[in-house]
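The sequence and structure come first, then the notes by topic.

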Amino acid sequence: MGRLLFAVCVVCAWDAAHLLGGGMLFPRDSPTREVKELNGLWSFRADFSPGRNAGFQQAWFSGPLRESGPVIDMPVPASYNDITQDARLRDFVGWVWYEKEVWIAVRWLRDGNTRIMLRVGSAHYYSVVWVNGEKVGQHEGGHLPFEADIGAVARKRNGTSCRITIAVNNTLDFHTLPPGRVEYLNHPKRYPSGYFVQSTHFDFFNYAGIHRSVLLYTTPKVYIDDITVVTNFSDSTGLLSYQVSVVGSTRPSVRVSLVDQDEKCVASSAGSSGLLKIVNINLWWPYLMHEKPGYLYTLEVQVTAEAGNSFLEDMYSLPVGVRTVQVTSTQFLINNKPFYFHGVNKHEDSDIRGKGLDWPLIVKDFNLLKWLGANSFRTSHYPYAEEVLQMCDRHGIVVIANSSHTSILIQSYIFENASLAHHLVVMEELVRRDKNHPSVVMWSVANEPAAEMPPAGPYIKTLVAHTKLLDWTRPVTFITNSNFAMDHGVPYVDVVCLNSYFSWYQDQGHLEVISLQLNEQFEDWHGKYQKPIIQSEYGADAVPGLHNDPPLMFTEEYQKAMLESYHSTFDQKRKKYLVGELVWNFADFMTGQSIMRVAGNKKGIFTRQRQPKAGAYVIRERYWRIANETGVMPACQGLGTVAVNGRSIPI
Ligand code: GCB
């Protein structure tokens with residue numbers, strides 16, 4: 001085992017208890033809960049010591065970080081990689097240290113019936129957290145939240161500020177999600193002593209740091225820990241079954257009411273589980289499928305309980321949408337109507353911020369999705385911020401939610417039990433976090449998991465079965481490369497998702513072969529499995545502003561022509577069993593450096609700065625046409641039209 005990874009494992013062994021038992025409810029203010037954001041500037045230091053372990057050896061968490069060495073300002077949330085001019089920090093592998101001094105309100109500290117929680121929206125990849133030098137927990141995996149109850153530690157120092165230290169390690173090995181490996185290059189004449197590099201086998205930059213908001217929030221000692229809703233409908237009556245899990249009392253009294261957008265209570269019930277009936281239901285519909293997409297009710301949950309001599313109360317409001325999802329051998333149905341995914345694959349990626357949550361970027365991207373006429377996206381290749389899924393719920397953008405597994409690593413190590421055990425935990429965290437989002441219609445357990453290797457079959461089978469146990473209401477899939485051999489894993493999924501790059505990675509420059517090869521792909525896979533198919537990736541790199549006619553690879557003309565060639569075959573197959581097309585990619589994104597990439601992957605139809613390339617107009621015209629053709633989009637009329645390439649299309 002490499003020295004660097006050993007440092008990670010020593011820390012794991014200190015305390016096997018993970019931070020996260022529950023706590024996947026998104027922190028919201030309520031009459032019984034308060035939220036305080038700790039975003040902004042944190043003190044920061046990367047541990048450049050040869051073993052990357054000086055921080056632990058010298059216990060940097062035990063006092064203010066500035067006292068153990070130099071610190072710099074680091075924004076949170078953001079990846080740290082592109083914040084400075086230092087290439088060593090951009091490409092850093094190992095532990096970095098963040099610290100912030102915060103005040104905790106006296107009323108929080110004095111009330112012994114108040115839980116004080118510290119929550120990190122996500123940090124990549126392995127995190128350890130201390131408060132005032134005391135370890136409060138740790139978490140493995142980026143892209144998902146974790147939290148710790150810090151009440152007891154904070155109360156020891158009543159009246160003084162609180163020092164929060166978070167160490168984050170971005171090292172990836174065979175058993176992390178995504179997998180990677182650290183290679184030590186022991187050639188004294190060619191590399192400095194102790195030289196190592198992190199190899200990754202996925203196609204995006206391994207951005208690291210605290211990527212989403214850090215919050216303090218309170219709940220009463222008796223609190224709503226989790227809520228699960230499952231919805232259905234019959235004619236015009238909506239059905240919402242709910243389950244509320246309460247911690248801190250064995251005999252809580254639970255009341256729920258469902259409130260519509262006019263603030264009218266439309267159903268209510270008592271008890272920790274039950275069924276609400278909603279007359280004249282407003283179903284949750286995808287964008288462009290209904291004049292009122294994304295209709296949300298609010299489920300107001302109120303819990304009261306006696307705790308010792310006190311009477312405690314907790315309240316939580318959960319946005320919910322009522323809709324159903326089903327799959328047949330040729331269709332994907334939402335609310336019993338055929339749904340066609342005309343959408344994109346995205347990345348959480350932008351200049352300077354890397355993978356850091358950024359509201360202007362999120363809102364801009366949603367405006368661009370609507371401009372395109374896109375009704376869906378896949379959270380390639382990891383779970384996205386909860387804030388993004390909340391936007392999807394509100395705007396009716398349909399989501400295929402991915403785990404953080406992606407790898408083109410052709411090594412059987414990545415299918416070992418240690419990987420599977422962690423992968424199952426990630427699926428649990430993901431489903432628990434995102435199960436109540438109406439926008440999420442399918443889970444994807446992995447992306448291109450070297451599926452031609454025999455161990456992939458049982459591995460995928462276990463993951464799919466486990467995910468179905470966690471949530472029986474949604475279809476489950478994994479994303480496969482159409483070049484991979486069939487059979488390993490595919491028989492277990494509900495929808496076949498295929499990535500293919502004809503005339504790009506094979507038959508380079510030969511656009512004329514696309515329709516033949518794509519036709520063969522669809523007929524083979526549907527013939528074999530009799531399941532609906534989504535073209536989950538296809539696309540070509542286009543360097544913005546690079547032109548050649550007739551098209552040459554890497555020009556905007558080539559990207560445009562390639563998309564158009566795929567579209568004609570899609571149009572034949574969507575009359576049969578093709579249920580979606582997701583272009584790769586929404587926007588250009590950063591990758592590791594290689595001769596395959598020109599300062600990042602340029603398959604975006606928008607640039608990294610979100611300006612359209614020629615391909616964006618092709619997609620826009622197509623998606624609006626498909627939306628109009630379905631005939632279920634009365635909202636299109638009246639919204640106006642825009643001239644695109646001399647034609648008038650609706651917006
Ligand atoms: C794929 C991968 C994606 C890559 C893309 C490409 O199949 O799933 O992560 O970025 O191809 O551009 O090569």
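Four strands make up an open sheet, ordered β18-β17-β20-β21, with antiparallel pairing. The model is predicted: local features need pLDDT of at least 70 and side-chain atom pairs pLDDT 80 or more, while totals for chains, interfaces and linings use all residues. Residues are numbered from 1 along each chain as its sequence is written, and side-chain values use heavy atoms, with hydrogens and water left out.

**Sheet**
- β18 (265–270) and β21 (310–320) are the edge strands, each pairing on one side only; strands are DSSP runs (E, at least two residues) numbered from the N terminus, and two of them pair if DSSP finds at least two bridges between them.
- On average, neighbouring strands of this sheet are turned by 15 degrees against each other, direction ignored; the axes are lines fitted to C-alpha atoms.
- Strand β20 (residues 297–307) runs antiparallel to β21 and is joined to it by 11 bridges.
- Opposite E300 stands S317 in β21.

**Ligand site**
- The ligand is surrounded by 13 residues (a heavy atom within 4 Å), and the closest are D203, H381, E448, Y505 and K603.
- Polar contacts are pairs of N or O atoms within 3.5 Å.
- In the side chain of E448, an N or O atom is 2.5 Å from an oxygen atom of the ligand.
- For a polar side-chain atom of Y505, the distance to a ligand oxygen atom is 2.4 Å; for one of R597, it is 3.2 Å.
- Of the 320 Å² of accessible area that the ligand has on its own, the protein covers 92% (Shrake-Rupley method, 1.4 Å probe).

Technical notes
Axes fitted to C-alpha atoms, helices over the stretch in contact; angles between N-to-C directions. Polar contact = N/O pair within 3.5 Å; in protein donor to acceptor, adjacent residues only side chain to side chain.
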